[in-house]
Amino acid sequence: MRRGTDGTRIRQAAAALAALILGAAILMIGGGPAQAAPAAPAGRTPAATVDLSHWMGDMRGYLDDRPLNRIAMPGSHDSGSWSIPADPGLCTSGWSYQVASLDHRLAASISRAQSDSLTAQLDEGARYLDLRLCLEGGQWRTFHGAPMGDVFFDAATGEAAALGRWIDAHPSEVVVINLSTAAPAGADRGEPLTRLRELFGSRVATRTELSPAASYGDFVKAGKNVVLVDASNAVDQPWAWHADSVSDRGSYPTGDPSWWDILKSFLNGSPPQQIYDQTLSLDRAALDRDPGPDADRFFVLAGIVQPDVQIPQLFMIRLLSPFFPASVRDNYLLYLANGLNPQLVTELRTHWRAPRPAAHMNIVAIDDLGGQPQGDLQRAVIDINTVADQTA
């Protein structure tokens, strides 16, 4: 009996040793059934795969406790300019009316900053709209400088109603609308803001209850997913946020260039890298600078080009129009934007992922938001939230 017991023990030990060796071999060569990767924590969808139409809700795990003015979010610059036609009517109270009246088509070419509608821009990830409206002929139209687009409040085709439906259908997406208006003397410049307030109803946040530094979670819990900023300071109501609640911290490219700047730009060719370098330099400085009093405001990083110095090139292009494609001749600002935007993506994925710029990031205003392949630029902005979360 003893000999048999010893033999059984030897066989059992040998079997255990064989199983151990086999298990080690499987681990080394990757055999056996595949193990599922651990699921991402709730509300922490990767920026590379998130649905841009509701990315805030999908990434709430990163955002819930973060101040709204510390959330990296894409925004669109001159959001309503997408509907400016090739030969537009002009806003007589627009700041560039006199210049634009010399050549309507040229003015349109350097005024159209977006290629998609407002709701399409929201679906593409924008959570900040730079909306500009002009009162002309008794109707409010979108405009940029002077060239005008569509009627905004038209009951049948106006974008205001579509914007209202989008806001209602996306309660987890907080949208900041910065509205500025142009109108003849004596007109009510605050009318569009009041009409939007009536359209959005209870979803409009009030500055007496919330602030730019309130958390994303606070906005959502309160059922407030739209902020109306009165850039023209035309309305004195708690739901009309003051113009100084937004700051670009010096990142907006300067306008009104000198003739010497224009001449240098013309001699250097088109599109000149120096205007891209100017934008990136201003952006880097703004991100590196301590916010100071601006820490309690929304921060709009102007990731845009200043096209004014390019007017001579555009005159030449229009003079030689048969030799240039319509994408350049009739959409010159979009053409310039598509030279800058890949450089913004590079900065966002490299230098601006460092702790200091990532912690300062908020709204990034973009030209031609809809022209980005697979939303690369928007996703690069949104991904900063995962970096800022780790540094925090």
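## A pocket and a helix pair

Me: In this predicted model, how do the residues lining the second largest pocket split by class?
Reply: Start with the classes nonpolar, polar and charged. The lining of the second largest pocket has three charged residues, six polar ones and eight nonpolar ones.

Me: What volume does that second largest pocket have, and which residues are closest to its centre?
Reply: Its volume comes out at about 370 Å³. A total of 17 residues line the pocket. The closest to its centre are His 77, Asp 130, Arg 132, Asn 178 and Tyr 252.

Me: Which element gives the most to the lining of the second largest pocket?
Reply: Okay, β2 (128-136), β5 (175-182), β8 (246-247) and β9 (298-303) are the elements that give two or more residues. The one that gives the most, with three residues, is β2.

Me: Is the crossing of α11 and α14 left-handed or right-handed?
Reply: Handedness is a separate matter from the angle. For α11 and α14, the crossing is right-handed.

Me: How many residues of each class are in the contact of α11 with α14?
Reply: On the α11 side, the residues include Ile 275, Tyr 276 and Asp 283. The α14 side includes Leu 336, Gly 339 and Glu 347. Sorted by class, the contact has three charged, four polar and seven nonpolar residues.

How values were computed: Residues numbered from 1 in each chain as written. Predicted model: local features only at pLDDT ≥ 70, side-chain atom pairs only at ≥ 80, totals over all residues. Heavy atoms only, no water. Left-handed = near helix turned anticlockwise from the far one by under 90°. Helix = DSSP H or I, 4+ residues; strand = E, 2+ residues; numbered from the N terminus. Contact = heavy atoms within 4.5 Å. Nonpolar A, V, L, I, M, F, W, Y, C, P; charged D, E, K, R; others polar. 1 Å grid on protein atoms, 1.4 Å probe; cavity = no way out; pocket = protein on both sides within 12 Å on 5 of 7 lines; lining within 4 Å. Points joined across faces, edges and corners; volume = space filled by probe spheres on them.
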